[in-house]
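Welcome! Please take a look at the sequence and the structure below, and then read on for a guided tour.

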Amino acid sequence: MRGADQGYTQLFDAEFRLVRRTVFVMTGNAAVAEDVAQDAFVQLLLHWSKVSRYERPDAWVRRVAIRLAVRHLKREGHRQLVERSFEPESGPGPADPDLTAAIGDLPPKQRAVLVLYYLEDRPMKEVAQTLGMSESTGFVHLHRARRRLAMLLGEVGVDVAG
Amino acid sequence: MSLDDRLREEFRRAAASAPAYLTPGTRELVVRRAAAVRRQRRVVLAVAASAVLVAAGLSVGLAVNPVGSPLLAGGPAPSSTRPSLSETPVATSSFTSPVYGYTVSYPTGWVVAGARTVWTHGKNSQADPGVSDIFQSPGKARVEIAVQNVPAGWSAARWESDFLSNPAPAQMAACYPRPQQWAAVTIAGHPGGLLGRVSWCGFTEGVVVIGQRAYVIKGVVDPNTLTADTFDMGVLNIMFASLRVRVASGTP
């Protein structure tokens, strides 16, 4: 890489692990998260001359990664998150197995909305932009995801308002 | 604990389980992969340029050998010696669609499954079995060609706006851009549009209207690939350039 690409290097160092972490939470698979994050940063480098002029290049690469992850989840046929292989030395594993299993039953886009909304604490406008949908559609996905989780968890009377 | 709190806690725990390290050399690997993609694209462009030259030669040949000559009537498969890319074979064979009547060259070694029924507007979709001529690569990538009759005066843009159910879903807008944002492409010597061609769309599709028929030539990437590749334009350019159509006379 030339010196002119120093901005890319800085962005990579700052964002790669965060992007990979988000994809990991979505897919529950460290290898897939690594592959998807790398694919997204390959795309970023291929489009760097254009994307580097954007206000938020980090948002661009995050958007690419999330969409690749959603595609992966669709292909995998909604594989249960309970199948994910947490590495014993890297964390305590799921403490709420019922919720973990219920999240695994959600369609990929609903799962993506939940991760961006609850893990990354993004406003719905940004969540929707990342996933290429309108803000109202994003709220619909959030509402349906929470309603389905409440049903799967047998929670009666849970407030599922957006 | 509320559902909101449980979700936050669940994702926080999952995130804490995510690998925190960055394997040395990851960035260099990404840079090398991007360089490989650039090289691949340059080769594809070279192949496309070669295909244009082949098409020009074919046009000259057509002027000498009128339609109906063995050249377009299933005679010996034309071949070429274009530089090869992994997905772009060096030779082509010829196929004449029994349902739609067009003739097109496709990579030798691919298997063709001809359409069994016409693609009727409003009655079936291009994804329905038997509607498309399918050119299956030795891998999982394929090209699908289907044809629809359209009213006189329709353009490819008019066809698309009628074909898509209202505007494309927001999340697919990049795959089905507005006509003014289409990449221009020449198919069978006629101006058409190029749709898709974004890695996560999974397809690259050329659309052209010739003689009251809309021709849709869709390249579909291997659905199992995780790489962000788009369909091999070298193959599509060969098919775009070699397509020869019959003048419409009723049903396709």
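## Contacts along and across the chains

Two residues are in contact if their C-beta atoms, placed from the backbone, lie within 7 Å. With that in mind, look at chain B: among its contacts with a separation of 6 or more, 52% are between residues 24 or more positions apart. For chain A, 54% of the contacts with a separation of 6 or more join residues 24 or more positions apart. Please keep in mind that this is a predicted model.

As for burial, 43% of the 162 residues of chain A count as buried. In chain B, which has 252 residues, 37% count as buried.

## Chain A: helices

What is chain A built from?

Two packed helices are described by the angle between their axes and the distance between the axes.

## Helices α2 and α4 of chain A

Helix α2(A) covers residues 30–46 and helix α4(A) covers residues 57–76; they pack at an angle of about 135 degrees, and their axes are 9 Å apart.

Which residues of α2(A) and α4(A) meet? On the α2(A) side they are Val32(A), Val36(A), Ala37(A), Asp39(A), Ala40(A), Phe41(A), Gln43(A) and Leu44(A), and on the α4(A) side Trp60(A), Val61(A), Val64(A), Ala65(A), Leu68(A), Ala69(A) and His72(A). Sorted by class, this contact between α2(A) and α4(A) holds 12 nonpolar, two polar and one charged residues.

## Helices α1 and α6 of chain A

The second pair is helix α1(A), residues 6–27, and helix α6(A), residues 108–119; their axes come within 10 Å and cross at roughly 130 degrees. Helices α1(A) and α6(A) are therefore oblique to each other, and the crossing is right-handed.

Here Thr22(A), Val25(A) and Met26(A) of α1(A) meet Arg111(A), Ala112(A), Val115(A) and Leu119(A) of α6(A). By class, the residues in this contact of α1(A) with α6(A) are five nonpolar, one polar and one charged.

## Chain B: helices and a sheet

Chain B has four helices and nine strands. Along the sequence, chain B reads α-α-β-β-β-β-β-α-β-β-β-β-α.

In what order do the strands of the open sheet in chain B lie? The seven strands are arranged as β3-β4-β5-β9-β8-β7-β6, with antiparallel pairing. Strands β3(B) (111–113) and β6(B) (183–187) stand at the edges with a single partner strand each, so one side of each has no neighbour in the sheet. From one strand to the next, the twist averages 25 degrees.

One pair to look at is β4(B), residues 133–136, with β5(B), residues 142–149: they pair in the antiparallel sense over four bridges. Within this pair, Asp133(B) has Ile145(B) in β5(B) as its bridge partner.

Helix α3(B), residues 156–163, packs on the sheet and touches β7(B) (190–196), β8(B) (203–210) and β9(B) (213–220). The direction of α3(B) makes about 120 degrees with that of β8(B). Helix α4(B), residues 233–242, lies across β5, β6, β8 and β9 of chain B and runs at about 160 degrees to β9(B).

Terms used
Residues are numbered from 1 along each chain as its sequence is written. Chains are lettered from A and ligands numbered from 1 in the order in which they are written. This is a predicted model: local features need pLDDT of at least 70, side-chain atom pairs count only at pLDDT 80 or more; totals for chains, interfaces and linings use all residues. Axes are lines fitted to C-alpha atoms, for helices over the stretch in contact, and angles run from 0 to 180 degrees between N-to-C directions. Helices (H or I, at least four residues) and strands (E, at least two) are DSSP runs, numbered from the N terminus. Ala, Val, Leu, Ile, Met, Phe, Trp, Tyr, Cys and Pro count as nonpolar, Asp, Glu, Lys and Arg as charged, and the others, Gly among them, as polar. Two strands pair if DSSP finds at least two bridges between them. A residue is buried if 20 or more other C-beta atoms lie within 10 Å of its own, exposed if 12 or fewer, and partly exposed in between; C-beta atoms are placed from the backbone. Angles under 35 degrees count as roughly parallel, over 145 as roughly antiparallel, 65 to 115 as roughly perpendicular and the rest as oblique. A crossing is left-handed if the near helix is turned anticlockwise from the far one by less than a right angle, and right-handed if clockwise.
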